[in-house]
Amino acid sequence: MKSVYKYNLDTTDNQIIEIQSENILSVNEQYGNIVVYALFDSDIKPIRYEFNIKGTGHPIIFEVDNFNFLGTVKLYDGNLMFHVFYKKCS
């Protein structure tokens with residue numbers, strides 16, 4: 001069975017979370033949090049994903065070419081802009 005689930009991200013540079021999905025859909029703001037939406041699939045095992053979040057103008061110190069760009073999230077009425085990258089962990 002499939003349905004859309006949401007996963008909150010911390011506003012830290014790097015984090016790994018398990019998501020029972022092979023299809024990460026989008027990222028957005030909800031109630032002041034960064035939220036990732038994914039197509040949950042009850043027929044697969046959870047997959048570990050690495051997320052990197054960078055503010056505008058902050059140096060990118062990870063191998064950005066190895067990541068997928070998911071989107072930009074604005075927090076605090078646009079005072080902070082965060083850019084979210086992700087990849088499957090090996």
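A contact here means heavy atoms within 4.5 Å. Among contacts in the protein between residues at least 6 apart in sequence, 63% join residues at least 24 apart. This is a predicted model, in which local features need pLDDT of at least 70 and side-chain atom pairs count only at pLDDT 80 or more, while totals for chains, interfaces and linings use all residues. Residues are numbered from 1 along each chain as its sequence is written, and side-chain values use heavy atoms, with hydrogens and water left out.

The protein has seven strands and zero helices (DSSP runs, E of at least two residues for strands, H or I of at least four for helices, numbered from the N terminus). The order along the sequence is β-β-β-β-β-β-β. Its C-alpha atoms fill a box of roughly 40 × 30 × 15 Å along the principal axes.

Of the 90 residues, 38% are buried, that is, under 20% relative accessible area with a 1.4 Å probe and protein chains only, where exposed is over 50% and partly exposed lies in between.

The whole structure contains seven aromatic pairs (ring centres of Phe, Tyr or the six-membered ring of Trp within 6.5 Å; planes under 30 degrees apart are stacked, over 60 edge-to-face, the rest tilted). One of them, F62 with F67, is edge-to-face, at 4.8 Å centre to centre and 65 degrees between the planes. Both partners are listed below.

| Residue | Relative accessible area | State |
|---|---|---|
| F62 | 14% | buried |
| F67 | 10% | buried |

F62 and F67 belong to one aromatic cluster together with F69 and F85.
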